[in-house]
Amino acid sequence: TSTTMPQKDYELVSLGGSPSPSGATPGKGPEKAHTLPPADVEVGHTAEIDAARRDGRRGRVFALVVWGVALVVVASLVVFFFSSSFLTDSPVCNSKLHKVPLAKMHSEIRKKVSNYFEETEGALFLAGGDVTYRYDTDVEQTFRQESNFLYFTGYALPNATVLMQLVTNRTFLFIPDRPIDYAVWNGKIEDPAAIMQEYGFDEVYYHSEFDAVLAALAKNQKNFQVFTLPYQHRFIPDEYSINTKKLQSAMYDSRTTKTWFEIQLLRTANNVSSDAHVQVMKTLAPGLYEYNTESDFVSTCLNCGLQHQAYLPIVASGNNSAVLHYNANDALMRSGQFLLIDAGAEYFGYAADITRTLPVNGKFSEAQSEVYSMVLEVQEQVMAVAAPGLPWRTLQDTATTWVCKLLLEFEYVHGTLEQCTQERIYALFMPHGVSHLIGLDVHDRYDPPQSALAAGYVLTVEPGIYFNDALLFPAFDDPKVSPFLNRGKIEPLLNAEFGGVRIEDDILITQSGYELLSTAPRTVAEIEQAMRA
């Protein structure tokens, strides 16, 4: 088994523990023949012969023990180097990939979602994503499964739908009936029985059988309810009662709190993405282009089998680092500049979202160190308050308060803390939120600002301080805010194309506080040490 491909790392467990489709029981091999020891010593009763026999037996026993120990050691080494659970010494992937029974995980998720429909008759329906093409060509776009469908089923291939009968939780997957020439152009046509066993569905049908299966579930009830998402009602025949609200609410609410298995997938996405950030630190140098660094990041993820990035990587040097969603990634990087890299990979759909800001030449200047340390302090203060029951709004309030405190302390702005917060002076330097949920989407669904954190939430903490021309030069001419700005300290940074700093990490809310999932170096000293390596 390859240790670099996560598809092989996961043990896909069939829910029913069904035997093989053939129903066959593996047969026993032939019994090993017993052999007698050679009768090359005449039977006798002398002490010398008895002693020799005892010594011979001891020698053979000792040899067997030695061989047994050697076999155990060799077997252990084979398991160590080739088992998917131990990847730290792999010459290709140095990240730990967590082993999860996917079929069991998604079965538990379906049960979790169905609990929102307790004692409700009807069925749940979801449609997966379709293959898309580049404009009016026949060039296929990279396919990534629709997140709600992936959450509910774990099935990552396109053009599928699923029905789940409420009350019984019986689940039926529907797939295309592929023509034989599909195998010529696209590869093996999946067998419904194999899909059923691998993913734990109760039945797998072709799309042509959908209406008949739904009718059988409805048992001719005129008001049989089918719950689906708002944009998927077109798949359901008109004779059924279609509800497009409740399933969306249930899905988004369920996705907010991660199960133990989901957390292991998020750990892996963070492990690999953190290691990719470390690889960037090792290879970054003046004279490279931003896309060279993007290549280092993405190739490190690919070496561990993570084929999808959770979003377009932001690899922004110099002034580009002050542009929040810059993704041209094509500028030449120069000594003395910052490089901000905001990038994270997906592991079976579950995303990491990590940002580091690095000195291109490997050494922070005094001004770079000052601003970087300010942002790191804000992040530490926000993380320190993260705990179950904390209102979402408190995370943002903590961030803006500390941005103001530090801008005042280091004399980038004038006035009082109250003036900085009430007049929103901080927004000229940090014009974005400090946190969002993360899961199957990098900006995961359903994070209302009025709700409170709960154990099982996974979220980002991503403060930043930017010196952005489009914000600060107009502010210098604004009579309402210009009195608060220390132009003498800010304008030289703008003229020098200083850019900005963002530090972003993913945290898991636990019963008692939080756990930091991303592991890439964060402090000035740690980053400089990694870059020296």
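Leaving aside its neighbours within four places in sequence, which residues is Phe467 in contact with? Asn319, Ala322, Val371, Tyr412, Phe429, Leu472, Ile490, Leu493, Leu494, Phe498, Gly499 and Gly500 are the ones. Keep in mind that this is a predicted model. Here's a quick tour of the rest.

**The chain overall**
- The protein chain has 533 residues, and 46% of them are buried.
- Take the contacts between residues at least 6 apart in sequence: 71% of them join residues at least 24 apart.

**The nonpolar cores**
- Phe467 turns up again in the largest nonpolar core, which holds 121 residues; together with Leu173 and Phe429, Phe467 touches the most other members.
- Helix 9 (residues 260-283) gives this core its largest share, nine residues.
- There's also a second, separate core of 15 residues, with Phe125, Ala127, Leu163 and Phe210 among them.
- As a bit of background, nonpolar side chains in soluble globular proteins tend to be buried together.

- Six strands make an open sheet with mixed pairing, in the order 4-3-2-1-5-6.
- At the edges sit strand 4 (203-206) and strand 6 (241-243), each pairing on one side only.
- From one strand to the next, the twist averages 25°.
- Strand 3 (residues 171-175) and strand 4 run parallel, joined by four bridges.
- Phe172 has Glu203 in strand 4 as its bridge partner.

How values were computed: Residues are numbered from 1 along each chain as its sequence is written. This is a predicted model: local features need pLDDT of at least 70, side-chain atom pairs count only at pLDDT 80 or more; totals for chains, interfaces and linings use all residues. Side-chain values use heavy atoms; hydrogens and water are left out. Buried means under 20% relative accessible area, exposed over 50%, partly exposed in between (1.4 Å probe, protein chains only). Contact means heavy atoms within 4.5 Å. A nonpolar core is a set of buried Ala, Val, Leu, Ile, Met, Phe, Trp, Tyr and Cys residues joined through side-chain atoms within 4.5 Å. Helices (H or I, at least four residues) and strands (E, at least two) are DSSP runs, numbered from the N terminus. Two strands pair if DSSP finds at least two bridges between them. Axes are lines fitted to C-alpha atoms, for helices over the stretch in contact, and angles run from 0 to 180 degrees between N-to-C directions.
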